[in-house]
Amino acid sequence: MWIFGWKGPSGFSASSTAEEVTQGIDGSALAAIVTGASSGIGVETTRVLALRGVHVVMAVRNADAGRNVKESILKEIPSAKIDVMELDLSSMASVRKFASQYQSSNLPLNLLINNAGVMATPFMLSQDKIELQFATNHLGHFLLTDLLLETMKRTARESNIEGRIVNVSSEGHRIAYSEGIRFDKINDESGYYTWYAYGQSKLANILHAKELAQRLKEEEVEITANSLHPGAIISTNLMRHHGLINTVGQMLGRYFLKNIPQGAATTCYVALNPQVKGVSGEYFLDSNIGNPSAKAKDADLAKKLWDFSCTLTNPK
């Protein structure tokens, strides 16, 4: 981790902000979807992309909250191009509806930023009867990406601009279950542990990007897929299920953790910075290429997860 302002090879560090890593970049020819855009780093990612001229579609569970964020950004950036669309990633029906509506809009799609997530929730099942963290953090984004991939391919072809898919993962991927992904026990409540389940879902984000990058390369498509750790961040809503930890984190975080502009930096760097052109299948942190766990580099595990995810999202 490039802490205390120590700069990595990119010239950026843990203290770099989203505005700093995109300084001077013109994104006016680009269209993006940002999931989870109404809170935390999703808001800042939306704001900075809009500041750089990107047409941003905020994909949010709460449309009213999304509209409030949009109005706030428009007050600061009157020229911002922002739309709000409803998306609940824990529901495959909602994901399919969103993708269909986006395709009907005839908007291009250059950037897909899979940012939304839940953290360390008590054991719950999604509407589709799949453990909530895996369903929301991985499976919903897997399906969304799959449904929008043809739109991204067409956009890349017609615009001659590289498309980028960005999965917001976490260093928490290192604390997944010992087997990495519990394919045969994905809904096992008896063996459920909140943090291991979170780590499993974040490991899945990296493996998804890794396998997708390989497939896009084989197709010779001008689209990259990468994952990243945004950093440990104060003032987000992810820890709402852990009151004491959240309270202590808020007290101490200002001294040890990133603020929101710093937390959104790596996402914006991977999405927009020209240094990342042509780079695919990598894991970033602090706006530099990082080194994920051994399981996150396991090509066989990535392929198995891909097939498993296809089965869950396309039941016979």
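How many helices and strands does the secondary structure of this protein come to? It comes to ten helices and eight strands, where helices (H or I, at least four residues) and strands (E, at least two) are DSSP runs, numbered from the N terminus.

Before I go on, please keep in mind that this is a predicted model, in which local features need pLDDT of at least 70 and side-chain atom pairs count only at pLDDT 80 or more, while totals for chains, interfaces and linings use all residues. Residues are numbered from 1 along each chain as its sequence is written, and side-chain values use heavy atoms, with hydrogens and water left out.

Let me start with the overall form. For 316 residues, a compact globule would have a radius of gyration near 20 Å, and the protein has 18 Å, which agrees; this radius is taken over C-alpha atoms, and the globule rule is 2.2 Å times the number of residues to the power 0.38. The C-alpha trace spans about 50 × 45 × 40 Å along its principal axes. Of the 316 residues, 57% are buried, and buried means under 20% relative accessible area, with exposed over 50% and partly exposed in between (1.4 Å probe, protein chains only). If we take contacts, meaning heavy atoms within 4.5 Å, between residues at least 6 apart in sequence, then 77% of them join residues at least 24 apart.

Now to the interior. A nonpolar core is a set of buried Ala, Val, Leu, Ile, Met, Phe, Trp, Tyr and Cys residues joined through side-chain atoms within 4.5 Å, and in the largest one, with 49 residues, I33, F98, F134, L148 and I181 touch the most other members. Several elements each supply at least two residues of this core, among them β1 (31-35), α5 and α10, and the largest share, ten residues, comes from α5. I181, leaving aside its neighbours within four places in sequence, is in contact with residues that include F134, L207, L301 and L305. There is also a second, separate core of 38 residues, which includes V60, A80, L272 and V276.

What about helix α10 itself, which covers residues 299-313? At 1.5 Å a residue, its 15 residues should span 21 Å, and its end C-alpha atoms are 21 Å apart, which agrees; the expected span is 1.5 Å times one less than the number of residues. The buried residues of α10 are L301, A302, L305, W306, F308, S309 and T313, and what covers them includes α4 (92-104), α5 (132-159) and α6 (194-219). At the N-terminal end, D298 caps α10, with a side-chain oxygen 3.0 Å from the backbone nitrogen of D300.

Finally, I would like to look at two single residues. H55 lies in strand β2 and counts as buried because its relative accessibility is 19%. The side chains of H55 and D83 are joined by a polar contact of 2.7 Å, which is a pair of N or O atoms within 3.5 Å; within protein, one must be able to donate a hydrogen and the other to accept it, and residues adjacent in sequence count only if both atoms are side-chain atoms. T46, in helix α2 (residues 40-51), is buried, with a relative accessible area of 0%, and its side chain reaches the backbone oxygen of G42 at 2.9 Å. Not counting residues up to four places away in sequence, T46 touches V34, A37, V56, M58, I73 and I82.
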